[in-house]
Structures are given as C-alpha cells and as structure tokens.
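Please look over the sequence and the structure shown here.

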Amino acid sequence: MVAATLLFVVFSSYTKAEFIFFGTNLWHKNDITGKEKTIPLKYAERGFNSENIEEVHDYILDHVSPYDREGVKRNLGPTTIIREEIRDKAYYDDKLLDHACPMDIRRSEKIKRSRVPDIIGIGFAKCGTGALAFLDCHPSATFRTNEPRYFDKESVLDDIIAANETGNLEALRRHRKIYASRLPHAADDELLIEKSPQYAGGKDYIRKKRALAMKIINPNVKLVAIVCDPVKRAYSQLRMKARRTAVTGFHFVFSLVLRVFLSTD
Ligand SMILES: *[C@@H]1O[C@H](CO)[C@@H](O)[C@H](O)[C@H]1NC(C)=O
C-alpha cells in the first residue's frame, strides 16, 4: 500500500514535469560483457529543443520568482554550446555547454566577467558531484560541469604558494586569469561553482597544499564534498575506466566479480 502510494506520487510528479533540462538523449551503458550499449532515454521527447524554445521561454518566466523575473527576462536565452561532439559524457542533448543549465536563467544585471569561483566541488569521483548541475538553473548560480582541474598538479600548487610567500602579485594574477579562463563568466553577485572531483585525491601533503593554494586564489572560497559508499564508488570508477579504454580480460572478470558481490545494476 505504501509502495503503491509512493509510486503514484513519483509517477504523478513525473507526468507534471513540463520540461526535463538535464542529461542526454542517449545513455551509454556497459552490459555484463563490458560491451557498450546505447540506450535512447524515454523522456527525450520531453526535453527542450529548438522547436519548443518559445514554450520553454514562457515556462521559465511563468515559474521564476517575481523577485528574479525582470533580471531573468533580460538574460534569458539558450546556453552557449562549447563542444558539439560526444566525448564519453554529454551534458545536454549530446552537447557540452558553457554551463550546466541548457537555458541561461540568470537574474543579475551586472556585468558577467571572467573570474575565479566562489564554490568548488572537490569530490569524490563517481559520487555524484555532477548532480550539482541542477543548481545552474537557479537565477543566482552558475555551474560549470566541464572540470577545469586547475589545482591538479603539484607544480601549480607550489607555484601559487611560492607566489603568495614572496608577494608576487603578478604571478597570482596570472594564475587567477588562467583558472578563470576555464570557467563561464559570472557577475559579482552570482555564485560561480566549479567541480573537479580529482581535487579530493592524492597524498595527504598534496591535499594540504591544494587547500592552501585554493585559499590563496580565493580566501572566501567554499568547498563542497559529496561522499558515497566506497565499494560502489570503486565499482563505478572501474566501469568508467572500462568505458574509456579498451575492455580487457581483467576488467571483465573484475567487474563480473564485483557485480555478483554487489548484486546491483
Ligand atoms: C599569503 O601570504 C600572506 C603574507 O605572507 C599570509 O599572511 C597569508 O597567510 C598567506 N595565505 C595563505 C592562505 O597562506
């Protein structure tokens, strides 16, 4: 009875959704042999496309808060596409966009400029950091799904820390500029968010350096970390690896063992 009620609630809220903004029309999934299958998503026809853009426009303006409406109206338009071809993961309709939401829903009327982020999603890989994408449809947030990975390399971290120690403002300016060039433009009164789950990885001393470098680049930065079941995380990472590289006997056997072990998917 409870299950039936729950099902009804889920189903009815699903049928009420006028538009589905996120995801791809095709879903790439490995079957049990490690072979990739491409599965068209059932809701693809509900997503928005060039034919129903007027409808989407009206939908957004009807649903945005009155406080945000004027600003959003001025900024509203499709999000810029930065890459057409599919590369492992597509973010919307098999295209990679400048930021996650396929529509530019932004209230700020201030100048949108190249700058460093206010919030960094630091991990963990395969724990759903990408699910933060929905924040990008908030009128005051901008979220880049494409990972800038600026704080990946130890040499970059060392350079930032040394520049701060010696008061080399020019070097710090250069770092901020390059980092910002990997992010969408954002106004000063918006929240600019990036995520690079690799930031949570590496040895302890590297992570300490990374935290220090992040604080030097933006002393007010906030970090977001999403954690999940470590076994499922490892399994998911392995599947991603298998998808990106040629499937080897090892992958196959290991994924089979894990599959039996987890009895999921
Ligand atoms: C950067 O350098 C200044 C001046 O030496 C220092 O006060 C500050 O703590 C340093 N920043 C960080 C995050 O270590």
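Lys 126 counts as partly exposed because 18 C-beta neighbours lie inside 10 Å; the cut-offs are 20 or more other C-beta atoms within 10 Å for buried, 12 or fewer for exposed, and partly exposed in between, with C-beta atoms placed from the backbone. The model is a predicted one, in which local features need pLDDT of at least 70 and side-chain atom pairs count only at pLDDT 80 or more, while totals for chains, interfaces and linings use all residues. Residues are numbered from 1 along each chain as its sequence is written.

An unreviewed UniProt entry places the feature "active site" at Lys 126; such annotations may be inferred rather than shown by experiment. Lys 126 sits in the loop between strand S5 (119-123) and strand S6 (141-144), strands being DSSP runs (E) of at least two residues, numbered from the N terminus. Apart from neighbours within four places in sequence, Lys 126 is in contact with Arg 233, Ser 236, Gln 237 and Met 240 (contact: C-beta atoms, placed from the backbone, within 7 Å).

Strand S7 (residues 191-195) is largely enclosed by the rest of the structure, because 4 of its 5 residues are buried. S7 pairs with S6 over 4 bridges, where Phe 143 stands opposite Ile 193 and Arg 144 opposite Glu 194. S7 also pairs with S5 over 3 bridges, and Gly 121 stands opposite Lys 195.

Key
Contact = placed C-beta atoms within 7 Å. Pairing = 2+ DSSP bridges.
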